Amino acid sequence: MLYLDHASTSWPKPDCVHEAILRYLRDVGASPGRSAHRLSLEAERIRFDAREAVAELVGMKDPMRVVFTCNATTAINLVLRGLLTPGCHAITTGMEHNAVLRPLRTLEAKGIAVSIAGCRADGSMDAAAIEQHIRPETKLIVANHASNVCGTVLPVREIGELARRHGITFLVDAAQTVGAWPIDLHHDNIDLLAFTGHKALLGPTGTGGLAIDDDFAVTSLPALISGGTGSRSEEEIQPDMLPDKYEAGTPNIMGLAGLAASVRYLIEYGVDEIIEHERLLTRRLIDGLGDIAGVRVVGPGDAQRQTAVVSFTVDGLACSEIARALDENHEIMCRPGLHCAPRAHRTLGTYPDGTVRFAPGPFTQEEEIDLAIEAVSSIARRGIDG
Amino acid sequence: MAEFAVILVYTTTDAIFAERVLRRADLAAKLIPTPRHLGSDCGSAVRIPASESERCEELLRTAGVSLSRIVPLNT
Ligand SMILES: Cc1ncc(COP(=O)(O)O)c(C=O)c1O
């Protein structure tokens, strides 16, 4: 069995992740922030471990500015719905996931203007493509760091620099990159970074959050969800303090226990090691698939400029059928279609038919990549079930 | 002089942050339920040896932990 769907959710997770989740369930169990007994405090320690690890990974000094949500989508919604008010303008890119575009379209109906800066046919863009859309009322630039369709990495540092120069808030959708690509909140000029726990961070589903730069004033960003935090219990208004402001309600500590373990594992293992390994796999995939007659690889086709996400089409064959055959006949799991990113597929010229996406992970072996290439080659030569 | 002092913080996360910073400096910091007469910002507070109050405050400020105040604990 070969799992090539890491861009959806990574699997398998390191053993320490299972162990941390089990330990929480078996030995701790309580919720953090609510009571002050030892088990509740231990739950808070676990959550703090996760904050410290994420902060360290993205180059932040203050773990209090890492707030947890249940995924990147919630973190993105928190920012877009909180920051953008009628009359404002926001700029995004032609490579976004629906996690960004759907909330923006919802806001558009409420009087918020949205511009989409175009990208090249391989998904790439220069910061200048964004600059031309800036208006006096532009409040936010939101861009994904790497595409979930074809791995193209956008120049976030340059975009961030531009945003700083114009006094515009910059939100990065880093769902595909934290843990798989270098990222540093401060050096990359990022105000707000949305991350998810279950992809390259190797944690469980239902974890994610928002990393907030030291200089970003949280008073300008209302909470998406308000409610109990365990702090300021005498007050009926949402406290403004971090992290409580954005963490109302009992959190997914079981998930955060796993995330704390997985991020610590990544830091010790070395993100650079993983990048190096995944680059090897990506190059092998791009070259191998590219050599098959009738196969077209979409995106940069350059392992230096993309994450380990390789999308392709096969002449005359439907993506969904290819994926079915890969699963049923070759035990290879991948994701076909539009990948929740119709806009990105339009940019890449693969809308509405979509692509087949192979996304290996840190534990995928080179021989496994060869098996996947062999399977696609056989399908391209002999037909779907040939 | 009181034997202990308590560091009052705003959130449980601050309490854990403080505990971690102080323990890393080998200080005997212990989390306790906030004595009701001292406030209700947060259910947990950090108990420290009163003689270490100044050092603790310095360490916490350097690490960026927000604290409300440090008060002697009269038992
Ligand atoms: C680029 C991108 N943004 C956002 C998301 C949303 O992440 P999540 O489903 O964890 O909220 C994903 C993945 O699904 C993604 O690939």
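Author: The model is predicted. Over all chains, the count comes to 33 salt bridges.

Reader: What makes B:Glu19 and A:Arg45 a salt bridge?

Author: The closest N and O atoms of B:Glu19 and A:Arg45 are 2.7 Å apart. The cut-off is 4 Å, between a side-chain nitrogen of Lys or Arg and a carboxyl oxygen of Asp or Glu. The value is within that limit, so the pair counts as a salt bridge. This pair also crosses between chains: B:Glu19 is in helix H1 (residues 12-24) of chain B, and A:Arg45 is in helix H2 (residues 38-57) of chain A.

Reader: Why is the pair of A:Asp49 and B:Arg20 called a salt bridge?

Author: Here the closest N and O atoms are 2.5 Å apart. The limit is 4 Å, therefore A:Asp49 and B:Arg20 qualify. Across the interface of chain A and chain B, the rule finds four salt bridges. It also finds four residue pairs in polar contact there, both residues at pLDDT 80 or more. By class, the side of chain A that touches chain B has nine charged, eight nonpolar and five polar residues.

Reader: How many residues does each chain bring to the contact?

Author: Chain A gives 22 residues and chain B gives 17 residues.

Reader: What area is buried between chain A and chain B, and what share comes from carbon and sulfur atoms?

Author: About 1600 Å² is buried, with 54% from carbon and sulfur atoms. That area is summed over both parts, so the figure covers chain A and chain B together. In chain A, the residues that lose the most area to chain B are A:Arg45, A:Phe48 and A:Met64. Together they make up 28% of what that side buries.

Reader: Which classes make up the shell around the ligand?

Author: Seven residues are polar, three are nonpolar and two are charged. Among the residues around the ligand are A:His97, A:Asn148, A:Asp173 and A:Lys199. Asp and Lys count as charged, so A:Asp173 and A:Lys199 fall in that class.

Methods:
Residues numbered from 1 in each chain as written. Chains lettered and ligands numbered in written order. Predicted model: local features only at pLDDT ≥ 70, side-chain atom pairs only at ≥ 80, totals over all residues. Heavy atoms only, no water. Near = heavy atom within 4 Å. Contact = heavy atoms within 4.5 Å. Buried area = accessible area lost by both parts, 1.4 Å probe. Polar contact = N/O pair within 3.5 Å; in protein donor to acceptor, adjacent residues only side chain to side chain. Helix = DSSP H or I, 4+ residues; strand = E, 2+ residues; numbered from the N terminus.
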